[in-house]
Amino acid sequence: MKNNIEITTNETLGETIHKKVLSNGLEVYICVRPGFTKKIGMFGTKYGSINNDFIDISNGKRVTMPDGIAHFLEHKLFEKEGENSLDLFSKEGISSNAYTSFDHTVYFFETIDKFKKGLEMLIELVKTPYFTVENVKKEQGIIGQEISMYEDDPNFNVYFNALRAMYINHPIRIDIAGTIESISKIDKDILYTCYNTFYNSNNMFIVIVGDVDVSDTISIIEDKLKLYEQNIKSEKVMKFGVVEPTNILQKKIEKDMGLFMPQLSIGYKLLPTKKNEIIKREVISDLISEMYFSKSSKFYETEYNKGAVSDDIDFVYEGTTDFSHIIISTMSSKLDIIQADIFKFIEELKSNEIDIKLFENTKRRKIGENIVESENSNNSYRRIIDSILNESKLYYDLEILSNITVEDIKDFLNTLEYSKAVISIVK
Amino acid sequence: MENIYKVNDSKFKSIYISYNFTFETKKDEVSKNVITSLILSKGCNKYNTSKAIEEYLSSLYGTNFDINMEKIGDLYNIEFRLECVNKEFLPNKEDVLKPAIDFLYEIIYNPKVDNNKFDTIIFEREKSFILDKINKRKDEKLKYAVLKTEELLCEKEPFGTYIYGDINNAENVKLDDIYEMYTNLIEKSAITIIVSGNLNGYDNIHQYIDKVFEKKSNKVVLDKKSINVSEKNRTFLEDIKEVKEKIQTNQAVITLGMRVENLEDNDFYALNVYNSILGGTPSSKLFQNVREKESLAYTAKSRYYRFKGIFVIYAGIEEINYEKAKTVILEQIEDMKNCNISESELNSSKQSLISDLLEWKDSKISLAKLAYTNAVSGMSITIEELIDNMKKIQLEDVARVAKKVKIELIYLLGGENSEK
């Protein structure tokens, strides 16, 4: 450790990550990638669409917020007095954007040659909220169109309906953007309550990826942050979860969208797990997807020959410490066949031995893929954010991949129970 | 072979190999081309099923292989592409590049053919796969609206055909057509091979590719003019055509199709700047007015088609706001025409285009794409030269091309669900 900077190097990927926790609690990660021209800066908060019930930091009272407010806040933070930050970045030739997920929100910029400027603007963007009655009203129109766009998106519908069938109380069943009705209840005061509570340094992180100088970057961040420190209390956030039963809400959910090609998502609700197990489940699921459902799998070949699949079948794990599930998705004009076959196949997998040669070959594929993917800067920040949210060590996924055994795969498959499975169809 | 191009940069860890067949196509042959190349990608004599192919590629440390179809204006390109890791980064320095090149040869030149006939089961499967692809493009409304605009705008031109062809032509493809198509593909289209990425330790890769593919070299050279927009294929509409289409949806989509008249090669830079100012970035006129000022849309963008000299503008709106959105969009185009553009709009647009160009350097695939475009258009322009030319664009250049942009089509994909 040098100047309290923790350095992690990964030889295989040729990357080094520098981590420093600033005096105000903010975590800063800098991933140095020599030779690459693009530099990315991200400023995030561990606050997303599922955090609607919490203690207001300003008065210690428990509050419940309208659905979609984290996403609304993300949009509104770009608005400044008489100008829009998106426009300000764009005028500098820097591209910027943001996204809101279930459990975090991130603001980011990408630049080639204006890194210092971009980083300062990013910090200013996040640190200077400007909410007014008029600009909140204007945003309701724009987000209304964003919601309509998602309502017309079959992928989005088939996925969210699977969540809605699986979960009974958990707010993961609510659209990230909320509904036109719920966002109409948002006003500037409650936006400030959410902002003040979740956008404090203890709850936030900065991630930098690119060919940058580490100590210069830390200085830029510390100098710029000093300007705003007095604005906000920096305290640990108190969020409340819900009690989620282990059973599912409904077995099947169907929606008619006038599609030519019907879509299917099968969800298996699982018991949530400890933080350090989450990445392990992700790695295992990725291997299962490749071994048993990809185009190289026996299952895919059989279904393809029946004409029951025409595109990929994905097997994906999603989870935090308070929800956990698998989603298997595909599209097919013969949904009845593929759906029945998937359930039958999962049961077979649970009782059959795992083919060691297939397992080793798939691991080999993943090692190569990780190297190719590391050329993409987006991959570097995704891995860092994953490790922040799961409080796991950096490159833990690669460590797990090299140590994984067939027993791990088998144990995981055995957690999939038909009685906890749901079927979502959009046609 | 002279059609092999190399891009070497040691910041990468992997290598991209792109084997391209480029040819002039007729509207009714698009589906035939696609089905033929899909069949090739699904098995050959040595690796006779998809599963066998993927198993072999897994053993080459997850080498990726697929095919990609693209319209380069009125030309059609079928790309067989591979991505693999440089041996330096693999356990025991195992070389997978040469086996990958050999694999590509097997796929393209050693297909499963019996008495000049491809396998009938695979043919039927790929044909129905393509029919599904054509039918299901309506499932994604915004994308469909843009595709439909391209088609309506270029109705009589090869470019105006969907990348997988249209239903009638796809349905009429017969097994017997495939062998003929295959022969045409390998004998009559121009072949361009690009190898891009970290080529350290592969000094003789050019010779190796030569050795593997030389006997199949066909000496076909593209007419360099055919890639640049040829006036012969361009049909101009006299009046603005307004088209409305009903579909089951919540959100409606408004699009405008525009065409550049008297297009010249060196208009390329000014037209890109034009597009960026009109609807290419968040500070563009469309984003600022349609979205931020009028709150009519979440998406409001424009796109320039370099090899076709056309623009498509698109925005997702509420259907009742159609007239209003149309008025606001038309005002922005009028503003462009009257050169109602600030220095700051010009500069930020140029900046953003230059950043995009610089970013190509971070992607071996973008670098390969540039090498390919250079090869087929007979140029050898570098990223630096592209940037220099972009920097030179002034307001008067944008004003000059803005006067050549003509609106030909206004299209509305209507929301049935929004009718209450």
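## Terms and model

Two residues are taken to be in contact when their C-beta atoms, placed from the backbone, lie within 7 Å. The model is predicted, so to speak with care: local features need pLDDT of at least 70, side-chain atom pairs count only at pLDDT 80 or more, and totals for chains, interfaces and linings use all residues. Residues are numbered from 1 along each chain as its sequence is written, while chains are lettered from A and ligands numbered from 1 in the order in which they are written.

## Two domains in chain A

Let's start inside chain A, which is divided into domain 1 (6–231) and domain 2 (252–426); these bounds come from an automatic or database domain assignment. Taken over C-alpha atoms, the domain centres are 28 Å apart.

Where the domains meet, 35 residues of domain 1 of chain A are in contact with 28 residues of domain 2 of chain A. On the domain 1 side, the elements that each supply at least two residues include β1 (6–10), β4 (39–45) and α5 (154–166) of chain A. Helices (H or I, at least four residues) and strands (E, at least two) are DSSP runs, numbered from the N terminus. The most comes from α5(A), with ten residues. This side divides into 18 nonpolar, ten polar and seven charged residues. Here Ala, Val, Leu, Ile, Met, Phe, Trp, Tyr, Cys and Pro count as nonpolar, Asp, Glu, Lys and Arg as charged, and the others, Gly among them, as polar.

## Chain A meets chain B

Now for the partner chain: 48 residues of chain A are in contact with 51 residues of chain B. On the chain A side, α2 (85–91), α4 (133–151) and α12 (356–373) give two or more residues, and α12(A) gives the most, with ten. The chain A side holds 13 nonpolar, 20 polar and 15 charged residues.
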